[in-house]
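Subject: Structure for you to look at

Hello,

Here is the structure I promised. Please open it first, then read my notes below.

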Amino acid sequence: MTAGDQPPCTDGSAQRLDPRRLRQRMTEALTRQGLGDAAVLAAMAEVPRHLFADEALTARAYDLATLPIGKGQTMSNPCTVARMTTLLQLSPGMTVLEIGTGSGYQAAVLATMGCRVYTAERLPELYERTRDLLRRLGYTDIVPMLGDGTLGCPKMAPFARIIVTASGPAIPGPLIEQLDEGGIMVIPVGESGSQRLKRVFKKAGRLYEQDCGPAAFVDLVGDHGWQAASCQTPHY
């Protein structure tokens with residue numbers, strides 16, 4: 001087993017299932033649905049998703065379902081993780097900016113694919129909890145930051161890839177500026193019930209948008225989101 005891969009209890013009888021087998025079942029289910037390329041699914045088969053879920057929900061960690069993580073936030077459905085990560089068209093060595101750290105699971109998948117990940121979380125409690133978890137699990141290529149993710153991280157820009165895991169009224173201007181030439185951003189846009197997942201390409205200084213279908217995410221809160229956030233530009 002990988003570090004921390006103790007099998008989760010599934011019920012009061014203390015029956016225990018092997019997380020490796022559960023991950024295999026999860027990736028097989030994603031394959032049947034045509035979600036995720038080979039590299040993405042290989043990474044998801046490695047990351048111990050149950051360690052990123054709330055303790056009371058570890059038995060459901062490998063279900064194809066969204067899970068609450070507190071503070072009105074969620075851990076994305078594995079279907080969504082596979083879909084968005086595949087749209088990024090990643091290569092090892094890329095620098096990625098993630099907006100909305102949440103549980104840290106998406107960042108762990110990106111790092112497992114060989115990327116350097118800067119990830120911003122605006123909620124202090126989630127930031128601290130996830131930062132400590134990522135350290136314990138040894139994800140040295142993930143740099144957690146606390147602050148308003150809609151402002152991006154200008155000190156570390158430009159980024160080859162940007163992924164946003166919350167939906168705002170429009171694509172934040174600072175993120176457009178911080179996307180490198182030839183880069184790709186994946187971001188949901190719109191209000192609840194009418195969100196669309198967008199893939200944005202930057203070529204010769206111009207943006208090209210691709211509509212990738214409906215989406216369902218929590219609100220992107222911040223200066224360039226639905227409302228002003230109290231925190232400032234993300235910092236380590």
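Start with two helices: H3 passes H4 in a right-handed crossing. Keep in mind that this is a predicted model.

Two packed helices are described by the angle between their axes and the distance between the axes. For H3 and H4 (residues 105-112), the angle is about 40 degrees and the axes lie 11 Å apart. That angle makes H3 oblique to H4. On the H3 side, the contact is made by Val81, Thr85 and Leu88. H4 brings Tyr105, Gln106, Val109 and Leu110. By type, the contact residues divide into 5 nonpolar, 2 polar and no charged.

Next, Ser76. An unreviewed UniProt entry places the feature "active site" there. Ser76 sits in the loop between strand S2 (73-75) and helix H3 (78-88). Is Ser76 buried or exposed? Its relative accessibility is 19%, so Ser76 counts as buried; the cut-off is under 20%. Leaving aside neighbours within four places in sequence, Ser76 is in contact with Arg49, Ala65, Thr66, Val81 and Phe217. Val81 also belongs to the H3 side of the contact with H4.

Last, Thr150. Find it in the loop between strand S5 (142-146) and strand S6 (159-164). Thr150 has 0% relative accessibility, so it counts as buried. Not counting residues up to four places away in sequence, Thr150 touches several residues, including Ile99, Pro172, Leu220 and His224. Now look at Ile171, 21 residues from Thr150 along the chain. The C-alpha atoms of Thr150 and Ile171 are separated by 8.9 Å.

Best wishes

How values were computed: Residues are numbered from 1 along each chain as its sequence is written. This is a predicted model: local features need pLDDT of at least 70, side-chain atom pairs count only at pLDDT 80 or more; totals for chains, interfaces and linings use all residues. Side-chain values use heavy atoms; hydrogens and water are left out. UniProt positions are given in the numbering used here, feature names are shortened, and annotations may be inferred rather than shown by experiment. Helices (H or I, at least four residues) and strands (E, at least two) are DSSP runs, numbered from the N terminus. Buried means under 20% relative accessible area, exposed over 50%, partly exposed in between (1.4 Å probe, protein chains only). Contact means heavy atoms within 4.5 Å. Axes are lines fitted to C-alpha atoms, for helices over the stretch in contact, and angles run from 0 to 180 degrees between N-to-C directions. Angles under 35 degrees count as roughly parallel, over 145 as roughly antiparallel, 65 to 115 as roughly perpendicular and the rest as oblique. A crossing is left-handed if the near helix is turned anticlockwise from the far one by less than a right angle, and right-handed if clockwise. Ala, Val, Leu, Ile, Met, Phe, Trp, Tyr, Cys and Pro count as nonpolar, Asp, Glu, Lys and Arg as charged, and the others, Gly among them, as polar.
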